[in-house]
Each structure stands twice: as structure tokens, then as C-alpha cells.
Amino acid sequence: MSTTSQCRICDGTVHEFIDFGRQPLSDAFVAPGAEKGEFFFRLATGICDSCTMVQLMEEVPRDLMFHEAYPYLSSGSAVMRTHFHELAKHLLATELTGEDPFIVELGCNDGIMLKAVADAGVRQLGVEPSGSVADLAAAKGIRVRKDFFEEATAADIRENDGPADVIYAANTLCHIPYMDSILKGVTKLLGPNGVFVFEDPYLGDIVERTSFDQIYDEHFFLFTARSVQEMARRNGLELVDVERIPVHGGEVRYTLALAGARKPSEAVAELLAWEAERKLAEYATLERFATDVKKIKEDLIALLTKLRAEGKRVVGYGATAKSATVTNFCGITPDLVEFISDTTPAKQGKLSPGQHIPVREYGEFAGNHPDYALLFAWNHADEIMNVEQAFRDAGGQWILYVPNVHVS
């Protein structure tokens, strides 16, 4: 019998299908000497037998994850900068076309998307609880409210700014366990023909690619078209469009509207049929995924152990949030991976969560290339490998573990 919990969407029974064991906060990089204060929790994932929502079995308090020193920046990748600029252009051409349109972004981060909207003269507001990145958005001229978005926040925004034509969220909604308050806020803030557009990691891609490191403390929910459709229905909303997008290792952009306000596109039925064909909502499918994940763990440790025995240098590339799942689940320690190279100043000089692998500035990688680089930022592989031709020319090889362990 699997371990169970209560679904955060419908109160159904959630059946656990994979347990990654004791895990730290994925973005809590530790100062040397401060290792004893780390927070740990059990990272496990299950599926609801009623609404089919895949979710974590245990919730991490939100103020431990999203705070003044939150280190992730949306504009840190050229690919993502282009992605958000193109999205802003799309929204400006399709949804923000009326008289004095208004857009609200949940988790606006450093304001990369809203800056393009503001430059077009459109009213905008970012809602961002992490103070440091909210300040970066404000410095770009974005209106920012330092707060978590929920029903009371939405009511206050509507009273002050009127209804929203677009509410948008990127890699934010899946972070939030208290979904009922979020969606009540959305229905309260949306105009009659407004849309709620959000994009998050897609369970279909995670299962197909065995990209298990997309599961960590901040990703409480793993969405599918079917589970989002049911979640929307329970909150007076309707799923009216879906679009698969390649960023972050595979995501879906969902569009919700007030129930009955818009006709669903053919893309919704097509993705629902794709999911049904692959039995994505069946427990047995997710059990097979768990078996594949365990094989990756075994193969990755075997390879790193072999390389160490051969005297090869292995360095991690990209101190990503998802690397915490990999290093802690697989037991990757500093004796297997010398250090992790990262360009984020807030992470440099710190230790990785849980396993305490040193995080060093990029110059230490570029100035003394290792034999192998373990690519934690695999979702940016093409961009990174194009930039790192000197590493390849020096004889360096990349280690990847999605969809399986291989050397490139």
C-alpha cells in the first residue's frame, strides 16, 4: 500500500509513487560554517485518485522558500529573455488591445516580461513576495507589490486598479499549495473577458524524459491539461487554450477564462487525448517513471565513482534549484564533484544545499577546465554548449542524466 495524503485541490486521496528521501530547501545555499542550521523535509510525490493532480506529499512553509534573499533571476538566460519578450509582444497584440488595458503578473521576479509591457505604455502591476528581485523589477520602472497573491490581495488590487485583462504567471503557480485562494483571487480580479495565462513544468514532459529533478520543494504541483481543467472547473474557470513550449525542459502554457466566456480551442482536446493515450493519469505509469528514476540514480553514481577512480576531475555546471534533488537523492558529494560553477553572485562562495559542494565563480571553470562537467542546467544545454566551445576544444566532455545517463 502506498503512503497517502489529502489532495490540495479536491480533498481526494493522494497516493505516493516516488520518494526522494530527506531533502534540503533547493535554493538555500549555505555559508561555510553554517551547515548545522539547514532545514530538511521528505520530498515525495503522489497523484490524486479523484482530480488526478500530481503534488508533493509534504508542504514546505512558503516564507522559507520565497524571501528577501531569493537568488533566482528570470533574466539570467538569453533564451528566457527572448521568451518573455516574445510573450509580451503576443499579449500586447492579442489581449491588451482595448482602452487602457491592465495586466497583473504573479511572481514577476526581476520584471523582465512586464518591462516590455510597460515600454508599450500599458498599465501593469507585478506581485512579488521575494524582496530582492522585486526591487530589481521596481528599478526597471515596474509597479511592484511586495506580497503573496491570494484572494485578499486580488480584492485590494481590483479596488485600486480595476479589473485585469490579463493575469499572468510563469513558473509560479506550481509553487503554491493554497490554490483555492489563488483561483478565488483570479476570478475576483479578472474582467468579464479577461484571461489567466500561466506556464509551468509539464508532467507529460517530465515522465517522457524522466526529468525527475523538476521535482523539488518549490514545485508543489506538476500540472497536466486534465488536472488543470478539473482545477479550473472547481473554481468557476474554464481551460480554453494550451500550448506546449520548450523552455525549462518542457512546459505548457495554459489559458483560463471565466466559465462560459470563451470557446475552448482544439488544442485543449488534442492535449487531453495525448495524455489519455499515454495513460498519464494512471498510477502504473507513474510507478514505471519511479523505476526509471532509480536506474538513473544507479547509473550516475556508478559513472562518477568510476571517473573518480580514474583520477578524472568532474565539476558541476549550474547551481540550479533542481540540482538539489539530484545531488541529495543520488548522494553526490564533494569527493565526486569538485565544485559547481555558477554565474550568480549570491550563490558564489556558498555550499550547495544538503551535500555542501562548493559553488564557485565561473572563472574557476573557464580558467582550469575539468575533464568532465556534470550539466545540472541541462534545460539550457544548447545555449551552454554553444558558449562553452573552449571546454570542448580542451577535451572536456559533458555528463547529462536526462533522459538517461550519458556522456556528450
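The buried residues of helix α8 are covered by elements that include α6 (179-189), β9 (190-201), β11 (237-245), β12 (251-258) and α9 (266-277). Contact here means heavy atoms within 4.5 Å. Helix α8 spans residues 225-233, and its buried residues are A225, S227, V228, E230, M231 and A232. Buried means under 20% relative accessible area, exposed means over 50%, and partly exposed lies in between, with a 1.4 Å probe and protein chains only. Helices (H or I, at least four residues) and strands (E, at least two) are DSSP runs, numbered from the N terminus.

The model is predicted: local features need pLDDT of at least 70, side-chain atom pairs count only at pLDDT 80 or more, and totals for chains, interfaces and linings use all residues. Residues are numbered from 1 along each chain as its sequence is written, and side-chain values use heavy atoms, with hydrogens and water left out.

Two strands pair if DSSP finds at least two bridges between them. I103 stands opposite Q124 in β6. Strands of a sheet pair through backbone hydrogen bonds, either parallel or antiparallel.

Axes are lines fitted to C-alpha atoms, for helices over the stretch in contact, and angles run from 0 to 180 degrees between N-to-C directions. E270 sits in α9. Its relative accessible area is 53%, so E270 is exposed.

A second open sheet has five strands in the order β1-β2-β3-β4-β10, with antiparallel pairing. Strands β1 (4-6) and β10 (221-222) stand at its edges with a single partner each, so one side of each has no neighbour in the sheet. Strands β2 (residues 13-24) and β3 (residues 40-48) run antiparallel and are joined by nine bridges. In this pair, E16 stands opposite G46. Helix α11 (residues 323-330) lies across β2 and β3, at about 80° to β2.

Two helices form a further contact. Helix α2 (residues 78-94) packs against helix α3 (residues 112-119) at about 40°, with the axes 8 Å apart. That angle makes α2 oblique to α3. Angles under 35 degrees count as roughly parallel, over 145 as roughly antiparallel, 65 to 115 as roughly perpendicular and the rest as oblique. The crossing is right-handed. A crossing is left-handed if the near helix is turned anticlockwise from the far one by less than a right angle, and right-handed if clockwise. From α2, the residues R81, F84, H85, L87, A88 and L92 meet I112, M113, A116 and V117 of α3. The contact residues divide into eight nonpolar, one polar and one charged. Ala, Val, Leu, Ile, Met, Phe, Trp, Tyr, Cys and Pro count as nonpolar, Asp, Glu, Lys and Arg as charged, and the others, Gly among them, as polar.

T285 belongs to helix α10 (residues 283-309). T285 has a relative accessible area of 7%, so it is buried. Leaving aside residues up to four places away in sequence, T285 touches V207, R278 and K279.

L374 lies in strand β16 (residues 372-375). Its relative accessibility is 0%, so L374 is buried. Beyond residues up to four places away in sequence, L374 touches L300, L304, V314, V315, G316, Y317, I332, V337, I399 and Y401. L374 and V315 are 59 residues apart along the chain, yet their C-alpha atoms are separated by 6.1 Å.

Strand β16 pairs with β17 (residues 397-400) in parallel, through three bridges. L374 stands opposite I399 in β17. Strand β17 also runs antiparallel to β18 (residues 406-407), and two bridges join them. L400 stands opposite H406 in β18. Strands β17 and β18 form a hairpin, with five residues between them.
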